[in-house]
2 protein chains.
Amino acid sequence: METTQMTEKLNQVMTSEQLLAHWQGHRALTRRVIEAFPEDKMFDYSIGGMRPFVGLMVELIDLADGGVEGLATGNWKPSEEMAHVTGNVPQSKEELLSKWDEVTEKINLFFPQIAEDRFQEHVLAFGQYEGTVSSTLFYFIDNEIHHRGQAYVYLRSLGINPPFFWER
Amino acid sequence: METTQMTEKLNQVMTSEQLLAHWQGHRALTRRVIEAFPEDKMFDYSIGGMRPFVGLMVELIDLADGGVEGLATGNWKPSEEMAHVTGNVPQSKEELLSKWDEVTEKINLFFPQIAEDRFQEHVLAFGQYEGTVSSTLFYFIDNEIHHRGQAYVYLRSLGINPPFFWER
């Protein structure tokens, strides 16, 4: 039985442990982008009317924070309580990094509580976004890659070399 | 037997069919970004010394084109023959879109040739990048999201609204 389960796992496109590692690998890279971002440009520097860096990062924190708890427990944090909606955002790079690390721990705690057979289950994330557990997690990850890519342009335009994309 | 296989599939984090759909969904969004990008800014517009839009897109085409064939057949196109290395890039938006569509078809042809039990197999992509079949495919997808996010900033800075990120 154990051997059969192992074989099944090895035949999977991606195991849940690999998905967690994939997510945290991306989050580790985003953390290095936060570290590289000049604190005095975090709150108002913008290109083309886009949100400042802190706004992008707070959205990622909100989605990951409320998202992993919602997927694991079914309890979804109301959008109106989220920092990117209330505007109650970190006031320094230290505070932003500390919030980031808090969510890293929270993901490590809640993600393994998502049962293996639930990844294809349909969910209504934050009470409004239809998908499966997997597609919702990939939305969080892809949204992070997307906004971090934008932060790379902010950094380049400020004359700062971003961390290597392929280092996780 | 068939029922057992179905159940196993339903218990997976992601099936190979879902991974293909995920990739092509992202590629459909990137195609809309190409359509939205002003042709007269494709070849030289830059922020912070970054590559122009066509350079980013050609890299994505090269990776997907040589990548899916390499993963499916084990034959890897030599890097020195790739357009983002040779500089032999499309000279118009129409040509870029046509090359994009060619690769879309190629992915639909080659991807299903990757056997289900090969996704966790170790490969040396393009003869030099270590990973599994899955992690290599995710690198292609993530790299596309990353550069497309950068193209969103280019578009915004040119006063153009990019397509919605969540539409695939």
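In this predicted model, helices H2(B) and H5(B) are roughly antiparallel to each other, because an angle over 145 degrees counts as such and their axes cross at roughly 175 degrees. The axes of H2(B) and H5(B), the latter spanning residues 93-110 of chain B, come within 11 Å. On the side of H2(B), the residues that take part are Trp23(B), Gln24(B), Arg27(B), Arg31(B) and Ile34(B), and they meet Lys93(B), Leu96(B), Leu97(B), Trp100(B), Thr104(B) and Ile107(B) of H5(B). Sorted by class, the residues of this contact are 6 nonpolar, 2 polar and 3 charged.

**Helix packing around H6 of chain B**

H2(B), which covers residues 16-36, also packs against H6(B), here at an angle of about 25 degrees and with the axes 10 Å apart. An angle under 35 degrees counts as roughly parallel, and H2(B) and H6(B) are therefore described in that way. The crossing in which H2(B) passes H6(B) is left-handed. From H2(B) the contact draws on Leu19(B), His22(B), Trp23(B), His26(B), Thr30(B), Val33(B) and Ala36(B), while H6(B) contributes Leu137(B), Ile141(B), Glu144(B), Ile145(B), Arg148(B), Ala151(B) and Leu155(B). The residues of this contact divide into 9 nonpolar, 3 polar and 2 charged.

H6(B), residues 133-157, has a further partner in H3(B), residues 53-73, and these helices pack at an angle of about 165 degrees with their axes 10 Å apart. That angle makes H3(B) roughly antiparallel to H6(B), and the crossing of the two is left-handed. In H3(B) the residues involved include Phe53(B), Leu56(B), Leu60(B) and Leu63(B), and those they meet in H6(B) include Val133(B), Thr136(B), Phe140(B) and Tyr154(B). By class, the contact of H3(B) with H6(B) has 10 nonpolar, 5 polar and 2 charged residues.

| Helix pair | Angle | Axes |
|---|---|---|
| H2(B) and H5(B) | roughly 175 degrees | within 11 Å |
| H2(B) and H6(B) | about 25 degrees | 10 Å apart |
| H3(B) and H6(B) | about 165 degrees | 10 Å apart |

**How the two chains meet**

The contact between the chains takes 31 residues from chain A and 31 residues from chain B. On the side of chain A that touches chain B, helices H1 (2-10), H2 (16-36) and H6 (133-157) of chain A each supply at least two residues, and the largest share, 12 residues, comes from H6(A). The residues of this side of chain A are divided into 12 nonpolar, 14 polar and 5 charged.

Chain A is superposed on chain B by a rotation of 180 degrees with 0.0 Å of shift along its axis, at an RMSD of 0.0 Å. The two copies are thus related as by a two-fold rotation axis. The same surface serves both copies, since 100% of the contact residues of chain A recur in chain B.

Val13(B) has its place in the loop between helix H1 (2-10) and H2 of chain B. Is Val13(B) buried or exposed? Val13(B) counts as buried, because it has 23 C-beta neighbours inside 10 Å and the cut-off for being buried is 20 or more. When its neighbours within four places in sequence are left aside, Val13(B) is in contact with Gln12(A), Met14(A), Thr15(A), Ser16(A), Leu19(A), Phe119(A) and Ser134(A).

Terms used: Residues numbered from 1 in each chain as written. Chains lettered and ligands numbered in written order. Predicted model: local features only at pLDDT ≥ 70, side-chain atom pairs only at ≥ 80, totals over all residues. Contact = placed C-beta atoms within 7 Å. Helix = DSSP H or I, 4+ residues; strand = E, 2+ residues; numbered from the N terminus. Nonpolar A, V, L, I, M, F, W, Y, C, P; charged D, E, K, R; others polar. Axes fitted to C-alpha atoms, helices over the stretch in contact; angles between N-to-C directions. Parallel < 35°, antiparallel > 145°, perpendicular 65-115°, else oblique. Left-handed = near helix turned anticlockwise from the far one by under 90°. Least-squares fit on C-alpha atoms with pLDDT ≥ 70 in both. Buried ≥ 20, exposed ≤ 12 C-beta atoms within 10 Å, placed from the backbone.
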